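Hello! Here are my notes on this model, as numbered points to read alongside the viewer.

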Amino acid sequence: MSSPDPQVRAARNHSTSPAARGPVVAVTGAASGVGALLTERLAASEDIKQVIAIDERRGECAAAQWHILDVRDPVIAEKLRGADVVVHLALDLDLESDAAARTAYNVRGTQTVLTAAAAAGVHRVVLCTSAMVYGALPDNELPLSEDAELRATAEATGVGDLLEIERLARRAPRAHPGLNVTVVRPAVLVGGTDTALTRYFESPRLLVVAGSRPAWQFCHVEDLCSALEYAVVEKVEGELAVGCDGWLEQEEVEELSGIRRMELPSAVALGAAARLHRIGLTPSPAGDLAYSMYPWVVSGSRLHDAGWRPQWTNEEVLAELLEEVAGRHTVVGRRLGRKDATAAGAAGATVALLGAAAVVRRARKARRRI
């Protein structure tokens, strides 16, 4: 009896490989950022049978099956049929986005994906929010457990959207019996990201609010992707926090970065931040300041118990962040050109929030002259 054709043997071997038995995973927001990195990672994994990539434009992963659409379109349910797991990463957290439009996209998109996943027979949805949902508060434990109360308010960029997504995640299993929802909450995310917290390190001085107790914990996007993969293959579930082990005190950050501090009284810093945001000089509301004032460090115990470990340390991630932002110039959260930044620096660190103190002083002087 002749042996089977080589192509037949290959097909048989593939059908019994771990990948053939693994899940079909759909990733939204797959064309850029964390979504693109995760799509490539899953497509290369022997534990994943197939990757369905969904975005408003086609990404670079040729191994994925692409569907081009807005995640708020109910037709997404048709594209999710056959998927075992959905990782929803199509979020807009851009500092420059219109707040109302950003919320409409983030909340409606998540609602649609959860409903569509249930309709398509998907058994697990993985959502990604942020450890910011715990809130940055002076009485936070160091570190916070995953079960800690979510005490954030909607006063910081995008946090209101993330809190609503968390509420949707908790309601979904009741609304859609049989649907499992896992939520992953990264610390300060670094690796091609642009947030109020990464821009903090683009300023000529590091703002320190008098009486505050900062504690810095980072999460590299590669570690986030590996944590998301753990959730995809069901090594861990529930509410998960992810970040580097431990944290850095403000003094350590200043020593490692070589950037000196500028200390402002709390009333001046918060008041000036609110005014500058209100008149459109900075994209960051005053609520963003709390996350550089008080600790919101997470333990990541559930992932650790499942065998996951971060590959990056806080020191290594900070070094990469400083390399990424080198040459960028930010004053009160607003990007400046090199010429403008030089002028701002020449005016001294009292320009900002960083210049906030100078703005407040000028306003006071003007009132005295009236």
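Which residues lie nearest the centre of the largest pocket?

1. Val-34, Leu-91, Leu-93, Leu-189 and Thr-193 do, within a lining of 39 residues. A pocket here is an open set of points on a 1 Å grid over the protein atoms alone, where a 1.4 Å probe fits, with protein on both sides within 12 Å along at least five of seven lines; lining residues have an atom within 4 Å of a point.

2. Some background before you go on: this is a predicted model, where local features need pLDDT of at least 70 and side-chain atom pairs count only at pLDDT 80 or more, while totals for chains, interfaces and linings use all residues. Numbering starts from 1 along each chain as its sequence is written, and side-chain values use heavy atoms, with hydrogens and water left out.

3. The largest pocket holds about 1,100 Å³ of space, counted as the space filled by probe spheres set on the points, which are joined across faces, edges and corners. Two or more lining residues come from each of α3 (33-43), β7 (188-190), α7 (196-199) and α8 (221-232); α3 gives the largest share, four residues. Helices (H or I, at least four residues) and strands (E, at least two) are DSSP runs numbered from the N terminus. By class, the lining has 20 nonpolar, 13 polar and six charged residues (Ala, Val, Leu, Ile, Met, Phe, Trp, Tyr, Cys and Pro are nonpolar; Asp, Glu, Lys and Arg charged; the others, Gly among them, polar).

4. Now the sheet: seven strands in the order β3-β2-β1-β4-β5-β6-β11 form an open, parallel arrangement, where pairing takes at least two DSSP bridges between two strands. Because β3 (65-68) and β11 (239-242) each have a single partner strand, one side of each is left without a neighbour in the sheet. Between β1 (residues 24-28) and β4 (residues 85-88) there are four bridges, and Val-25 has Val-85 as its bridge partner in β4.

5. Helix α5 (residues 99-119) packs on this sheet, touching β1, β4, β5 (124-128) and β6 (180-186), with its direction at about 180° to that of β4. Contact means heavy atoms within 4.5 Å; axes are lines fitted to C-alpha atoms, for helices over the stretch in contact, and angles run from 0 to 180 degrees between N-to-C directions. Helix α6 (residues 159-175) touches β5, β6 and β11, at about 155° to β6.
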